[in-house]
Amino acid sequence: SRNLLKSKILSGGRHPIYLQLSHNGETLYFPIYMKDKRFRAYEDQWDETKKLLKANKKDNPEHQILNKIIRKRENILYNIIEGMINDQDIITKKSINHRFYNIVQHNNVIDFTNEQY
């Protein structure tokens, strides 16, 4: 699921937006982007029900684009997990991280290009 990690407070009082996955009784967190500050939010900018940035042009001027990217990242993560299950791979946070961030880094340019047009 998508979440605002409220237990982690970054500079300026914002919280990172993470994908959360439970596996073997452990909760794993995967930041949407490691260094992109647009994927950080104050609690009042986050819609707890929809698990997305609030649709508010004043507080979140880029909310549509960012929410689209958040959903894409969530789909990528679930596809990785599904593939690992189908291939009967051993699922660890390290193996998921490696696959997820390799795909995310590869898709950054594609996402940017797609969002601009």
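Lys51, Glu48 and Lys6 belong to one network, joined by salt bridges that share partners. A salt bridge here is a side-chain nitrogen of Lys or Arg within 4 Å of a carboxyl oxygen of Asp or Glu.

Before you go on, bear in mind that this is a predicted model, where local features need pLDDT of at least 70, side-chain atom pairs count only at pLDDT 80 or more, and totals for chains, interfaces and linings use all residues. Residues are numbered from 1 along each chain as its sequence is written, and side-chain values use heavy atoms, with hydrogens and water left out.

Then bring in Lys6, whose side chain meets that of Glu48 in a salt bridge at 3.1 Å, N to O. This second pair links distant parts of the chain, 42 residues apart: Lys6 sits in the loop between strand S1 (2–4) and strand S2 (15–23), and Glu48 in the loop between strand S5 (46–47) and strand S6 (52–53). Glu48 is partly exposed, with a relative accessible area of 37%, and Lys6 is partly exposed too, at 36%.

Stay on Lys51 for its backbone. Lys51 lies in the loop between S5 and S6, and its phi is positive, about 60 degrees, although Lys51 is not a glycine. Most residues other than glycine have a negative phi.

**Another bridge**

How many salt bridges does a search of the whole structure find? It finds 6. For another one, select Arg38 and Glu62, whose side chains meet at 3.5 Å, N to O. Arg38 is in the loop between strand S3 (26–31) and strand S4 (40–41), while Glu62 is in the loop between S6 and helix H1 (63–86), so the pair links distant parts of the chain, 24 residues apart. Both ends are partly exposed: Arg38 has a relative accessible area of 33%, and Glu62 comes in at 35%.

**Along helix H1**

Zoom out and colour by secondary structure: you get 2 helices and 6 strands, in the order β-β-β-β-β-β-α-α along the sequence. Helices (H or I, at least four residues) and strands (E, at least two) are DSSP runs, numbered from the N terminus.

Select H1. It has 24 residues and reaches 34 Å from its first C-alpha to its last, close to the 34 Å expected at 1.5 Å a residue (the expected span is 1.5 Å times one less than the number of residues). Its buried residues include Leu66, Ile69, Ile70, Arg73, Leu77 and Ile80. Residues three or four places apart in an α-helix point the same way, because there are 3.6 residues a turn.

Which class does Glu74 fall into, buried or exposed? Glu74 counts as buried, at 12% relative accessibility. Its side chain makes a polar contact of 2.5 Å with that of Arg2 (a pair of N or O atoms within 3.5 Å; within protein, one must be able to donate a hydrogen and the other to accept it, and residues adjacent in sequence count only if both atoms are side-chain atoms). Leaving aside residues up to four places away in sequence, Glu74 touches Ser1, Arg2 and Leu19, where contact means heavy atoms within 4.5 Å.

Gln88 has a positive phi near 55 degrees and is exposed, with a relative accessible area of 72%.

**Into the core**

The largest nonpolar core has 26 residues, and those with the most contacts inside it are Ile17, Phe30, Ile32, Phe39, Ile96 and Phe100. Such a core is a set of buried Ala, Val, Leu, Ile, Met, Phe, Trp, Tyr and Cys residues joined through side-chain atoms within 4.5 Å. S2, S3, S6, H1 and helix H2 (93–116) each supply at least two of its residues, with H1 giving the most, 8. Centre on Phe30 and look for its contacts, among them Leu19, Leu77, Ile96 and Phe100.

**Last stop: confidence**

Colour by pLDDT, the predictor's confidence in each residue from 0 to 100. The protein chain averages 85, and 90% of the residues score at least 70. Finish at residues 112–117, where pLDDT stays under 50 and the model has 5 contacts beyond four places in sequence. Where pLDDT is low, the predicted coordinates should not be read in detail.

How values were computed
Buried < 20%, exposed > 50% of the residue type's maximum accessible area, 1.4 Å probe, protein only.
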